[in-house]
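Let's walk through this structure together, from the overall fold to a few of its ring contacts and helix pairs. Please keep the sequence and the model open beside you as you read.

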Amino acid sequence: MGELERALLSVMSTIAKNTMLLTLASVGQKAIAFVYFTLIANAIGKEATGDYFLALSITTIFSVVADWGLTPVLIREIAKRPGEAGKILRSIMALKIPLILLGAAGSIGAAMLLGYSVSVVQLVAVASLVMAADAISLTCFGVLRGLHNLRYESLGIFVGQSVTTLIGLFFLFTNPSLTLLIIALLAGSTWNAIYSASRVGKHIGVKALVPSFAGAEAKKWLKLSVAFVLAGAFVKVYSYVDSLILHSILGSGAVGAYSVAYKITYAFQFLPMAFVGALYPLMSTLWGEGKKAELAKLFGDAMWYVMLLAAPIVFGIWSIADKLIPAFYPNGYEESVLPLQILVFALLLLFADFPIGSLLNAAGKQGVKTAIMGGTMVINAVANIILIPRIGLEGAAISAVIGDTFLLFAGLAMVPRLIDTSMTGLLGRIGPILASGLLMAGSVILLKPYLHFVLLIGVGAIVYTTVLIATKALTIEHLRTAYRTMRGGAPASEPV
């Protein structure tokens, strides 16, 4: 085994261990969150679900202000200089506190300026507390990510969601108030803030949590975070502008129906996000050390991995959406089916974009990524303004796909400028995966009149795996390498 292979194995082994922990926790968290949202949507109806989703959408947009792009900078700088983690965090915390207050004020002010009802403004005010707690935990977990330690975040997100769900279910079955349901979110977020801060204190000292303002340092961090905050703002706006436009044109009921399609689609986004949580710091390290060959190999493996995950989810949901919605949302959500079948293809594009975004940011090309995100936001917003008045919910879903198509291909065009990678070779790796997904969907559609959708999922999984093996998109060597890498042992061959 050569030096490059050994270095890459070490990198992939670290990714695998961190990713496995965070993925397992995220699977549990998302499963609980999906069941919880389903119970809420069925219990309170489309109108109230729309108000609930709208309030959280507004605070999610303003969470960009609360973080100001400082967490990605924090992760990158600590990954490069772990010995200075405490000093970096103290100066970041001095900026985060006023930014959190500004984000909360912005959320409430925006709800009032947009003319929302008093009840929605009150929901936004409570949700702003959730945003504040999340901003603290995001920063603290960012420190641990920079130190390549994701096990605490894995536990935190699972326990936090469990706390929210248990308290939320109690409120749902005793006093189904929207305000109390958001207070349940606050309980889970508060747990994460306290827990993450305690873990940071354990590893780099409690003093690291005490803000330390220095003008020169503050200017430095704000300058480095400009591209990230703009990119974050663009992401949040284009992710939630459809809900705001839907509410202004069609009302809370439309937002409620669309939120179901949205929640089902993006419930699976944790899979590449968990992977990237480990991938980004390591890409930053490889770029900083000038290891372009290892970085190119890592990028190709990452694209293969995310597509392997995305294809069965996207084509599977598309093929059984008309069975899925009535099964989980029987109380008046039939109009969510077609938006879901359209919107789910945005997930395929987003999965592919995660490794691209990580590479651009790791290479210090956050300005390029920001410009791409800005273009995506404009395209998405314009498409929503044109299509929603004409075709309603489906227009919002189509707009998301249009925007994410631009996002993916604009980013992909930049990759060859950073690493030596073949687009033809990349397509050769992911093409059979997409073909396997299409064949899986075709078999499910043919059998749909005869089988329950739960059985169809099993059939689809068998067909997908069989075609992957037949096309050699997935081989025994891939599985052996993945298994050995997860255990941290020597691979039988090169990593996939």
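**A walk through the helices**

The protein chain has 16 helices and 0 strands; here helices (H or I, at least four residues) and strands (E, at least two) are DSSP runs, numbered from the N terminus. This is a predicted model, in which local features need pLDDT of at least 70 and side-chain atom pairs count only at pLDDT 80 or more, while totals for chains, interfaces and linings use all residues. Residues are numbered from 1 along each chain as its sequence is written, and side-chain values use heavy atoms, with hydrogens and water left out.

Let's begin with the chain as a whole. Of its 496 residues, 56% are buried, where buried means under 20% relative accessible area, exposed means over 50%, and partly exposed is in between (1.4 Å probe, protein chains only). Among contacts with a separation of 6 or more, 84% join residues 24 or more positions apart; a contact means heavy atoms within 4.5 Å.

Now to the rings. How many aromatic pairs does the structure hold? There are 13 aromatic pairs. Rings of Phe, Tyr and Trp (its six-membered ring) pair if their centres lie within 6.5 Å, and planes under 30 degrees apart count as stacked, over 60 as edge-to-face and the rest as tilted. Phe-53 and Tyr-262 form an edge-to-face pair, because their ring centres are 5.5 Å apart and their planes stand at 65 degrees. This pair links distant parts of the chain, with Phe-53 in helix α1 (residues 3-67) and Tyr-262 in helix α8 (residues 252-266), 209 residues apart. Phe-53 has 4% relative accessibility, so it counts as buried, and Tyr-262 is buried as well, at 10%.

Beyond its neighbours within four places in sequence, Phe-53 is in contact with Tyr-240, Ser-243, Val-255, Ser-259, Tyr-262 and Lys-263. Tyr-240 is 187 residues from Phe-53 along the chain, yet their C-alpha atoms are separated by 9.9 Å. Lys-263, another of these contacts of Phe-53, has its charged end over the ring of Phe-37, 5.5 Å from the ring centre. A charge sits over a ring if NZ of Lys or CZ of Arg is within 6 Å of the ring centre and within 35 degrees of the ring normal.

Helix α1 also holds Thr-59, which is buried with a relative accessible area of 6%. Leaving out residues up to four places away in sequence, Thr-59 touches Ser-107, Val-124, Ala-127, Ser-128 and Met-131.

Next come two helix pairs. Two packed helices are described by the angle between their axes and the distance between the axes. The axes are lines fitted to C-alpha atoms, for helices over the stretch in contact, and angles run from 0 to 180 degrees between N-to-C directions. Helix α3 (residues 85-113) and helix α7 (residues 215-250) have axes that come within 10 Å and cross at roughly 80 degrees. They are therefore roughly perpendicular to each other; angles under 35 degrees count as roughly parallel, over 145 as roughly antiparallel, 65 to 115 as roughly perpendicular and the rest as oblique. At this crossing, Ile-88, Ser-91, Ile-92 and Leu-95 in α3 meet Glu-217, Ala-218, Trp-221 and Leu-222 in α7. By class, the contact has 6 nonpolar, 1 polar and 1 charged residues, with Ala, Val, Leu, Ile, Met, Phe, Trp, Tyr, Cys and Pro counted as nonpolar, Asp, Glu, Lys and Arg as charged, and the others, Gly among them, as polar. The face of Trp-221 also has Lys-220 over it, at 4.7 Å from the ring centre.

The second pair is α10 and α11, which pack at an angle of about 170 degrees with their axes 9 Å apart. That angle makes α10 roughly antiparallel to α11. Their contact has 27 nonpolar, 1 polar and 1 charged residues. An aromatic pair belongs to this part of the story too: Trp-318 and Phe-345 are edge-to-face, 6.2 Å centre to centre with 65 degrees between the planes. Trp-318 lies in helix α10 (residues 292-328) and Phe-345 in helix α11 (residues 337-362), so the pair ties together parts that are 27 residues apart in sequence. Trp-318 is partly exposed at 31%, and Phe-345 is partly exposed at 25%.
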